[in-house]
Amino acid sequence: MIIPIEYYLILSAFMFIVGVTGVLIRRNAIIVFMSIELMLNSANLTLVAFSSYMGNSVGQLFVFFVMTVAAAEAAVGLAVIIAMFRNKMTMNIDEINILKW
Amino acid sequence: MTIELILFIIFSAIAAVSSILMITRSNPVISALFLILNFASLAGLYLLLNAQFIAVAQVIVYAGAIMVLFLFVIMLLKPEREKLFAAHPRVKTFALIIAVLVFIQLVYMIFLSDPSSSLNPVAAESVKAGTIEQIGRELYTNYVLPFEAAGFLLLAATIGALVLAKKKFD
C-alpha cells in the first residue's frame with residue numbers, strides 16, 4: 001500500500017486512451033473488438049485499485065460483472081463478424097457499411 | 001525502492017508497452033498475443049492490489065477463454081494484413097490529437113481530485129476485501145439479483161451467438 005493510487009489511475013487512463021486510439025485508427029473489425037476489451041480492462045484496473053485502497057470488496061464484484069459482460073459481448077460480436085465475413089468476405093469496417101445512411 | 005514498487009514498475013511497463021504494440025501490429029494474430037501479455041501483466045497488478053480472486057479470474061476468463069475465442073476467429077477467417085497509416089491519414093492524425101488531449105485532461109483531473117489524500121488504506125482490510133470468501137459472501141447475499149441477471153445475460157449471449165453464426169435459418 002505504499003504505491004500512491006494515482007499511479008494506478010494514470011496507467012488505467014493511458015490504457016484507456018490506447019484503446020480509444022485503436023478503435024479510431026484501425027480498420028480490422030477484430031482489432032477494433034480487441035481495443036474495446038482493452039478499454040474494459042483499464043476500467044477494471046480503476047475499480048480494483050479503489051476497491052483495494054478502500055478495503056471494500058464491492059468494486060471487485062463489479063469487475064466480476066464486467067468480465068461476464070465482456071465474455072457475452074465477445075461471443076456475440078465475433079458471431080456478427082463471422083456472419084459479415086460470410087456475406088462480404090471482408091473484415092474491413094469501411095466496407096461493412098450497410099447500416100450507414 | 002521496495003519490492004512492491006519494483007514489481008509495479010515492471011508490470012505497468014509491460015502493460016503499457018504491450019497495449020501500444022497491440023494496436024500498431026498489422027498481423028492480427030500478433031496483436032492478440034500482445035493483448036494476452038497485457039492481460040497477464042494486469043493479473044500481476046491485481047495481485048499487487050491484494051485482489052487474489054480477480055487476478056485468477058483475469059487469467060482464466062480473459063487471457064484463457066476470451067482470447068482463445070478471438071484467436072479461433074482470427075485463424076478461422078482470412079487474417080489479412082492491413083496497411084497501417086495508409087488509408088485516411090487525416091482521420092488518424094485527428095484520432096491521435098484527440099487521444100493526447102483526452103489523456104492530458106484525465107491526468108489533470110486525477111491530480112486535481114487528489115484521491116490519495118482522502119484515502120487511508122489499511123493493508124489488512126485490503127487483503128480481507130480481496131479474498132474469495134468475502135467476494136462470495138457479497139455475491140450471494142446483497143448482489144444475488146445482479147448475479148442471476150449476469151447468468152441470464154450469458155444464456156442470451158450463447159443463444160444469440162448460435163443464431164447469428166448459423167448458416168441459414170430453417
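**View 1. H1(A) passes H2(A) in a left-handed crossing.** Left-handed here says that the near helix is turned anticlockwise from the far one by less than a right angle, while clockwise would be right-handed. What you're looking at is a predicted model, where local features need pLDDT of at least 70, side-chain atom pairs count only at pLDDT 80 or more, and totals for chains, interfaces and linings use all residues. Residues are numbered from 1 along each chain as its sequence is written, with chains lettered from A and ligands numbered from 1 in the order in which they are written. Helices are DSSP runs (H or I, at least four residues), numbered from the N terminus. H1 covers residues 5–25 of chain A and H2 covers residues 29–54 of chain A; their axes come within 8 Å and cross at roughly 165°. Axes are lines fitted to C-alpha atoms over the stretch in contact, and angles run from 0 to 180 degrees between N-to-C directions. That crossing makes H1(A) roughly antiparallel to H2(A) (the label for angles over 145 degrees).

**View 2. Here are the residues where H1(A) meets H2(A).** On the H1(A) side, look for A:Tyr8, A:Phe16 and A:Val23, among others. Facing them, H2(A) brings residues including A:Ile31, A:Leu38 and A:Tyr53. Contact is scored when C-beta atoms, placed from the backbone, lie within 7 Å. The contact of H1(A) with H2(A) has 17 nonpolar, seven polar and no charged residues. Nonpolar takes in Ala, Val, Leu, Ile, Met, Phe, Trp, Tyr, Cys and Pro; Asp, Glu, Lys and Arg are charged, and the others, Gly among them, are polar.

**View 3. Chain B meets chain A through 73 of its own residues and 63 of chain A.** H3(B) gives the most to chain B's side, with eleven residues. That side splits into 55 nonpolar, twelve polar and six charged residues.

**View 4. The largest nonpolar core has 64 residues.** Such a core is a set of buried Ala, Val, Leu, Ile, Met, Phe, Trp, Tyr and Cys residues joined through C-beta atoms within 7 Å. A:Ile30, A:Met34, A:Val48 and B:Tyr46 touch the most other members. H2(A) gives the most to this core, with 13 residues. Leaving out residues up to four places away in sequence, A:Val48 touches A:Val63, B:Tyr46 and B:Ile54, among others.

**View 5. B:Ile9 sits in helix H1 of chain B.** B:Ile9 is partly exposed because 13 other C-beta atoms lie within 10 Å (20 or more would be buried, 12 or fewer exposed, with C-beta atoms placed from the backbone). From B:Ile9 to B:Met109 is 100 residues in sequence and 22 Å in space, C-alpha to C-alpha.

Notes:
Helix = DSSP H or I, 4+ residues; strand = E, 2+ residues; numbered from the N terminus. Parallel < 35°, antiparallel > 145°, perpendicular 65-115°, else oblique. Contact = placed C-beta atoms within 7 Å.
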